[in-house]
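Here is a short briefing to read alongside the sequence and the 3D view. Take a moment to bring up the ligand and the domains, and then work through the points below.

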Amino acid sequence: MKTFISGIQPTGDMTLGSYLGAIKNHVQLADIADTTTYYCVVDLHAITVRQEPQRLRDFTYSVAAWYLAAGLDTSKSTLFVQNHVRAHTELGWILNTFTQVGELERMTQYKDKSKQHKHNVNAGLLTYPVLMAADILLYNTTHVPVGDDQKQHLELTRNVAQRFNGVYGDVFVVPEPMIPKVAARVMDLQDPTSKMSKSQESNGTVYLKDEPAQITKKFKRAVTDNIANVAWDPIEQAGVTNLLSIYCASKGITPEQAVAEFTGKGYGDFKTTIAEAVIAEVAPIQNRYKELMADKAELDAIFKKGAEKASAQAETVLAKVKDVMGFVR
Ligand code: TYM
């Protein structure tokens with residue numbers, strides 16, 4: 001029996017990167033027999049960077065609506081909002097005392113974000129990964145399906161869990177990261193050296209809500225190189241390799257298969273074919289997304305059910321933690 005949990009921050013419109021690197025895989029995992037899956041809209045993580053209240057609210061619904069539009073079945077999977085399950089912040093506090101400031105300061109996301117938000121290097125930005133460890137450890141999680149950028153946070157989660165278990169016995173399951181083989185780090189189409197991100201505006205970001213014509217335009221303008229040969233080479237041909245990985249993840253094929261398909265073809269045809277594959281992937285879920293966003297009451301009902309299921313599990317682990325530590329309950 002495997003248990004999966006993952007989270008997405010409600011900090012912007014959903015990108016093709018988060019979809020191919022996370023949501024698409026999450027939906028598929030939920031359909032496998034003998035798995036328990038939890039997906040969480042991590043609003044408490046989002047506030048480590050200042051958020052406008054209406055946008056936070058809208059994007060919280062939006063993340064959930066994309067999951068559902070992509071086919072997540074809530075009878076098989078628990079979809080919930082982080083702030084609805086209080087055990088997350090409570091365990092987060094406890095785990096702070098098992099985490100060294102030095103190891104948090106080494107996190108690359110912390111270093112990047114504290115450069116981007118110089119005026120607001122708040123303590124939450126530093127302790128962000130501790131809350132993430134709590135998200136994961138509350139569910140006896142065996143596997144955490146995430147993009148490549150979260151690997152370091154997962155390593156920290158494992159260290160914190162092992163440190164706690166070293167003192168108090170085997171309370172936490174030590175989770176494994178699960179990074180996809182392709183599209184683990186979808187890059188910006190205009191700058192293939194930087195990650196496609198929902199919290200940073202760029203013409204090289206493809207949004208799930210983009211109209212087909214916009215998607216085609218963005219792919220046609222994607223930065224490539226002057227080698228004029230479609231090959232898988234992340235160093236010399238970062239742009240082309242990024243497009244190939246998007247194609248592989250959209251079609252469910254391997255890099256070898258993708259490269260073989262484009263041998264001898266020019267970059268123009270190559271880009272058009274990739275845009276078409278992406279449109280075929282996202283167009284069918286766009287209508288469903290719009291319908292879901294028009295019915296907030298239905299989304300609220302899903303959140304309520306999700307929070308009840310998640311809380312029931314989270315409370316059992318939190319109680320165990322409190323008991324072994326000597327808290328009077
Ligand atoms: P977030 O919101 O930045 O991203 C959500 C998920 O999407 C993946 N992702 C990408 N994958 C490929 N290419 C990209 N360009 C791309 N951009 C984003 C991320 O790797 C992630 O899987 N800290 C997490 C949220 C979190 C979490 C958790 C995850 C909080 N608690 C517990 C797992 C388990 C984050 O900021 O994700």
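The shell around the ligand is made up of twelve nonpolar, nine polar and five charged residues. Please keep in mind that this is a predicted model. With that said, let's look at the ligand and then turn to the domains.

**Around the ligand**

- There are 26 residues around the ligand, and the ones that come nearest are Tyr 128, Asp 135, Asp 149, Val 186 and Lys 198.

**Polar contacts and cover**

- Asp 135 places a polar side-chain atom 2.6 Å from a nitrogen atom of the ligand.
- At Gly 147, a polar backbone atom is 2.8 Å from an oxygen atom of the ligand.
- Met 196 also takes part through its backbone, with an N or O atom 2.9 Å from a nitrogen atom of the ligand.
- On its own the ligand has 710 Å² of accessible area, and the protein covers 97% of this.

**The two domains**

- The domain assignment gives domain 1 as 2-178 + 296-325 and domain 2 as 212-291.
- Between the C-alpha centres of domain 1 and domain 2 there are 30 Å.
- Nine residues of domain 1 and eleven residues of domain 2 form the contact.
- About 920 Å² is buried between domain 1 and domain 2, with 72% of it on carbon and sulfur atoms.
- On the domain 1 side, Leu 16, Leu 20 and Trp 66 lose the most area to domain 2, together 48% of what that side buries.

Key: Residues numbered from 1 in each chain as written. Predicted model: local features only at pLDDT ≥ 70, side-chain atom pairs only at ≥ 80, totals over all residues. Heavy atoms only, no water. Near = heavy atom within 4 Å. Polar contact = N/O pair within 3.5 Å; in protein donor to acceptor, adjacent residues only side chain to side chain. Areas by Shrake-Rupley, 256 points an atom, 1.4 Å probe, with all protein chains shown as cover. Nonpolar A, V, L, I, M, F, W, Y, C, P; charged D, E, K, R; others polar. Domains from an automatic or database assignment. Contact = heavy atoms within 4.5 Å. Buried area = accessible area lost by both parts, 1.4 Å probe.
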